[in-house]
Amino acid sequence: MIRKNNLVKNICCVGAGYVGGPTMAVIADKCPDIKVSVVDINEERIKAWNDENLDNLPIYEPGLVEVVKRSRNRNLFFGTNVDDSIENADMVFISVNTPIKSSGLGAFQASDLRWVEVCARRIGAAAKGHTIVVEKSTLPVRTAEIIKEILEAKTKSSRNDEDKKTFSVLSNPEFLAEGTAVNDLLNPDRVLIGGEDELAIEKLKNIYSKWVTNNKILCTSLWSSELSKLTANAFLAQRISSINSISAICEATGANITEVAKAVGLDSRIGNKFLNAGPGFGGSCFKKDILNLVYLCRYFDLDEVANYWEQIVQINNWQQTRIYEKIVEKLFRNLSGKRIAILGFAFKANTNDTRESPAIQIASNLLEEGSILQIHDPKVSKDQISNSLEVYHDNNKLDKSNLNDNWILKDTIEDAVINTDAVLILTEWDIYREINWVRISKLMRPPSWVFDTRLITNPQKVRDAGLNLWRLGEKENDIDNKFNSSKS
Ligand code: NAD
Ligand code: UGA
């Protein structure tokens with residue numbers, strides 16, 4: 001077997017998205033001796049990664065600009081020449097998208113592996129000598145087997161020892177969260193490497209050990225690594241659905257979700273992280289990874305397990321529905337022609353990503369009721385909102401004839417609230433914490449409502465401005481409201 005020398009000199013990453021871009025930027029920054037090429041078929045995206053003006057990078061992540069600035073065009077390169085980059089690499093990361101299938105067997109549950117398969121075939125065709133192939137994308141358990149099979153077909157068809165290709169496949173799932181990606185990459189809780197080829201594992205470990213201590217680098221079998229990634233996301237999502245389900249009980253009983261979350265989280269066995277009630281989890285992964293797990297369980301006839309995990313997604317959908325229903329109820333059960341300001345369209349703060357954002361479902365439902373939406377988000381573009389709403393309308397067979405006439409993206413919070421009956425806070429951007437409610441109340445049409453699904457308002461200030469306030473996970477009647485206000 002031809003092996004290039006023991007140190008990795010050239011890395012290729014296929015996929016310059018939310019994972020490929022930041023992850024490779026950090027590797028390049030920490031390993032100046034390694035040439036890192038990030039390639040993508042999306043020319044626009046690559047152009048943006050190469051833009052001289054670093055404010056135009058395709059992904060907004062705190063701290064990313066600085067990391068890219070240090071290494072871009074030194075040992076970090078972005079390009080579209082996928083085959084050349086694979087050919088020159090000792091190690092190829094697969095960081096392509098793996099969304100849910102939208103048709104065929106496993107539709108709306110199983111991962112669509114078409115991009116991974118194309119990628120594996122391309123690696124098989126373009127690679128030279130020995131290449132370590134690293135699954136960075138989140139994949140169903142045993143996908144490594146499919147990748148190996150595709151690559152081995154190429155190994156077997158090599159004509160002679162000269163052009164013999166060999167491959168080792170590793171699983172190295174990514175645990176970064178958007179909005180904190182750079183920090184998560186620099187200070188990971190753990191780095192997980194699954195595989196069989198010890199030398200390949202060692203080479204990948206050597207890269208991470210430039211900045212991660214050895215006790216945080218965990219090596220497992222391929223299948224454990226793949227399943228651990230799905231399980232970690234399922235557990236995180238489960239916490240959110242758990243606290244969101246309790247938020248509904250709080251509203252019904254008069255308990256307060258912030259107080260309950262604090263009391264529960266102080267138990268060191270439970271911990272205080274990921275206990276913020278909200279409009280439901282969004283992002284490209286939680287839903288798809290749980291549904292993937294559900295699909296896997298059903299495939300292995302584990303129906304009880306599948307039903308258990310499926311419920312996490314159901315509660316998440318229900319949370320979004322009940323927020324929209326609450327708005328309809330408060331606005332006299334009639335939204336026809338009423339203006340509503342939506343503050344925040346990204347699925348969480350500090351990202352420009354809108355994939356699976358709760359704002360999409362909630363906004364679509366409000367539009368269905370005939371309201372006009374004035375949307376504000378500091379980082380999300382009009383095109384993104386437009387695409388998200390279009391896709392949601394198509395998938396749910398909703399009428400799109402007047403869709404684009406009934407919402408508008410506004411540049412400022414003030415512009416967004418003018419003449420509205422209600423303000424709906426969906427993303428916890430810091431600027432929404434500092435809103436001057438007295439000023440806002442003068443721009444709205446009374447009786448005006450504020451719906452705070454992220455619990456970032458100061459209740460007293462909102463009410464003192466003469467606005468009606470509904471906060472997720474808090475009881476609405478006046479006595480309780482006064483009680484809560486007086487304590488904040
Ligand atoms: P993304 O859509 O932002 O990026 C994927 C990129 O791959 C796209 O730019 C696409 O054009 C490119 N691509 C697809 N097929 C290609 C091909 N054959 N050749 C070259 N480029 C190709 O996706 P993402 O958010 O970066 O996620 C990538 C993977 O990482 C997914 O499996 C996801 O589940 C996982 N993941 C994502 C996150 C996250 O926070 N976004 C975190 C951990 C893991
Ligand atoms: C999540 C995981 O946190 C990452 O570890 C994982 O790598 C990633 O998915 C992935 O595989 O894609 P991400 O989706 O970027 O990261 O962001 P999170 O911070 O996990 O938030 C997900 C959603 O849950 C957001 O909509 C957020 O608002 C919501 N959330 C989070 C809450 O409603 N409450 C919380 O307490 C925490």
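A disulfide is a pair of cysteine sulfur atoms within 2.5 Å, and that cut-off comes up in the last view below. Everything here is a predicted model, where local features need pLDDT of at least 70, side-chain atom pairs count only at pLDDT 80 or more, and totals for chains, interfaces and linings use all residues. Residues are numbered from 1 along each chain as its sequence is written, chains are lettered from A and ligands numbered from 1 in the order in which they are written, and side-chain values use heavy atoms, with hydrogens and water left out.

**View 1. Ligand 1 and the residues around it.** Ligand 1 is surrounded by 25 residues, and the closest are Asp40, Arg45, Thr98, Glu178 and Lys288 (a residue counts as near if one of its heavy atoms lies within 4 Å). Sort that shell by class and you get nine nonpolar, nine polar and seven charged residues. For this sorting, Ala, Val, Leu, Ile, Met, Phe, Trp, Tyr, Cys and Pro count as nonpolar, Asp, Glu, Lys and Arg as charged, and the others, Gly among them, as polar. Look for Lys288, which has a polar side-chain atom 2.7 Å from an oxygen atom of ligand 1. Taken alone, ligand 1 exposes 830 Å², and the protein buries 93% of that (areas come from the Shrake-Rupley method with a 1.4 Å probe; for residues, only the protein chains shown count as cover).

**View 2. Tyr18 and Asn352.** Tyr18 has a backbone N or O atom 3.0 Å from an oxygen atom of ligand 1. The side chain of Tyr18 also joins that of Asn352 through a polar contact of 2.9 Å. A polar contact is a pair of N or O atoms within 3.5 Å; within protein, one must be able to donate a hydrogen and the other to accept it, and residues adjacent in sequence count only if both atoms are side-chain atoms. You'll find Asn352 in the loop between β9 (339-343) and α13 (358-368). With 11% relative accessibility, Asn352 counts as buried (buried means under 20% relative accessible area, exposed over 50%, partly exposed in between, with a 1.4 Å probe and protein chains only).

**View 3. Ligand 2 and its contacts.** Here 19 residues surround the ligand, with Phe175, Leu176, Glu178, Lys229 and Cys285 the closest to ligand 2. An oxygen atom of ligand 2 is 2.7 Å from a polar backbone atom of Phe175. On its own, ligand 2 has 700 Å² of accessible area, and the protein covers 90% of it.

**View 4. Helix α8, one face in.** In helix α8 (residues 198-208), the buried residues are Ala200, Ile201, Lys203, Leu204, Ile207 and Tyr208 (helices, H or I with at least four residues, and strands, E with at least two, are DSSP runs numbered from the N terminus). Seen down the axis of α8, its buried residues fall within an arc of 160°, so they line one face of the helix. That arc is the one of the directions from the helix axis to the C-beta atoms.

**View 5. A cysteine without a partner.** The structure holds zero disulfides. The sulfur of Cys219 is 16 Å from the closest cysteine sulfur, in Cys31, too far for a bond. Cys219 is partly exposed, at a relative accessible area of 38%.
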